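Biologist: I have the sequence and the model open. Can you walk me through what was computed from it?

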Amino acid sequence: MKQHFISALFFSVMLLPGFAFAENTENANSEPAATEAAAPAKEQTTWQKILERMPKFSGYLQTGWNYSDAGSGSSSFQAKRLRLIMDGNVTDKISFRMQIEAFNGIGGSRNPNGQKDLQVMDAFATAKITEGFQIRAGQYYLPLGYENYDISPATLETVDFSNLCYRMVCRNPIGYDFVEYGRDLGVMFMGNLFKNEADNFYRLSYNLSLSNGHLPAMDDNNKSKDIVAALTFRPAKFLNFKASYNWGEYNGVFSKDKFPFAEESGNDVVVKNQSMHRYVLGAWYNNPQGLDVRCEYGHVISEEGNITYAKENSFYALAAYHIGKFLPVVRYDFFRDKVRNEEAWDYDRVLVGLTYVPCKHVKLQANYAHTFYANKAARPDPDKTGSNQIQLMGIFSF
């Protein structure tokens, strides 16, 4: 059976004649290229002026087929994401963004039939005082690591993000143990400094965010606020290094069947204002006409006295190469949780894939991943040391 699926993968790869897909994601370093000779500006009509002031709508659908032989196995057509994005200008200096997502809401956000509800992903305004000083307020994506801030599902080289992003950035092991997509309500100061005029890029970018540290679209459940700080340094046009840090205090409930200190008490343990630190360090070289190499390491720690509430490590390394409309890619990643017992996410994974862009608004991807489980307790099937996954997905934008 496995041979049929592997054959299907490579057959699909041959048919899916890498791709820098243009979702409306914000990139602080992108500026319109100057033209050599600008044509004389024509007087705008009233209708053109009205249209210019109206918000711009865009969006995309990510859909396809997923196969996995983990546990009892699965084979299903999927609609992974359906997003609607609205961008507009309040004034010449203030812009706003709204992003709504269907099919992929956060954990617990399902209707009585078990179907996922619509979710507000982004709802923020940005005031651009200068290029070096900007203020953002509302619900926004946190600048913790590359994948959560500098990359979107529409620009990612693979179908899914790494476990570093999903498990360490888009999840809180104290407050809630499920993916919430790395958004939060708050205010952020950011900017770009020291422009290289010759190659049109900024040497340094910074972000400083103050947010609730709770679930998106909800009021905070304590008085403490999260701090996220990030610095990105670019020594050359295609090369940058990023360091980001998060500190916060969280309320949580620890189950007695998952945590040793809870088992000793015989009851679930409720903690309040428990501090936690997150660190993410990364390097990225990305030539749109050639090599794309990126790696990130993340660490999460929360300790008090002789009790460790959270201790996690994760790493991924990705290599891809732009060949016209093709982008072949390989990625290795691992995740380790040192506190939870029988953690099913403790594994190493190797992925190979191919992305093809036949036209501006279509992105096709084929990914094969093999997972090696770190310990026997983490295996979905105790008799298997690993599992296989095949994904054939397309992103269709407007």
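Biologist: Is leucine 208 buried, partly exposed or exposed?

Modeller: Leucine 208 counts as partly exposed because its relative accessibility is 42%. Buried means under 20% relative accessible area, exposed over 50%, and partly exposed in between, with a 1.4 Å probe and protein chains only. Keep in mind that this is a predicted model, where local features need pLDDT of at least 70, side-chain atom pairs count only at pLDDT 80 or more, and totals for chains, interfaces and linings use all residues. Residues are numbered from 1 along each chain as its sequence is written, and side-chain values use heavy atoms, with hydrogens and water left out.

Biologist: Where is leucine 208 found?

Modeller: Leucine 208 is in strand β7, residues 201-211. Helices (H or I, at least four residues) and strands (E, at least two) are DSSP runs, numbered from the N terminus.

Biologist: Which residues form the nonpolar patch on the surface?

Modeller: Leu208 is in that patch together with Ile129, Phe133, Phe189, Leu210 and Ile227, and their accessible area together is about 490 Å². Patches take residues with over 30% relative accessible area and no salt bridge, joining nonpolar side chains (Val, Leu, Ile, Met, Phe, Trp, Tyr) within 5 Å and like charges within 9 Å. Accessible areas come from the Shrake-Rupley method with a 1.4 Å probe, and for residues only the protein chains shown count as cover.

Biologist: Switching to charges. How many salt bridges does the structure hold?

Modeller: There are 13, a salt bridge being a side-chain nitrogen of Lys or Arg within 4 Å of a carboxyl oxygen of Asp or Glu. One of them joins arginine 83 to glutamate 101, at 2.2 Å from N to O. Arginine 83 is in strand β2 (residues 74-89) and glutamate 101 in strand β3 (residues 94-102), so the pair ties together parts 18 residues apart in sequence.

Biologist: Are those two buried or exposed?

Modeller: Arginine 83 counts as buried at 5% relative accessibility, and glutamate 101 is buried at 0%.

Biologist: Which residue does glutamate 157 form a salt bridge with?

Modeller: With arginine 294, the closest N and O atoms being 2.8 Å apart. Glutamate 157 sits in the loop between α3 (146-149) and α4 (163-169) and arginine 294 in strand β11 (residues 291-304), so this pair links distant parts of the chain, 137 residues apart. Both glutamate 157 and arginine 294 are buried. Glu147 joins Glu157 and Arg294 in a network of salt bridges.

Biologist: What about the cavity, the second largest one? What lines it?

Modeller: Its lining includes Leu142, Tyr176, Glu180, Arg183, Asp226 and Arg278. By class, the lining has four nonpolar, three polar and five charged residues. The space in this cavity is about 80 Å³. On a 1 Å grid over the protein atoms alone, a cavity is a set of points where a 1.4 Å probe fits but cannot get out, and lining residues have an atom within 4 Å of a point.

Biologist: Back to β2. Where does glycine 88 stand, buried or exposed?

Modeller: Glycine 88, in strand β2, counts as buried at 11% relative accessibility. The C-alpha atoms of glycine 88 and proline 55 are separated by 4.2 Å, although the two are 33 residues apart along the chain.

Terms used
On a 1 Å grid over the protein atoms alone, a cavity is a set of points where a 1.4 Å probe fits but cannot get out, and a pocket is an open set with protein on both sides within 12 Å along at least five of seven lines; lining residues have an atom within 4 Å of a point. Grid points are joined across faces, edges and corners, and a volume is the space filled by probe spheres set on the points. Ala, Val, Leu, Ile, Met, Phe, Trp, Tyr, Cys and Pro count as nonpolar, Asp, Glu, Lys and Arg as charged, and the others, Gly among them, as polar.
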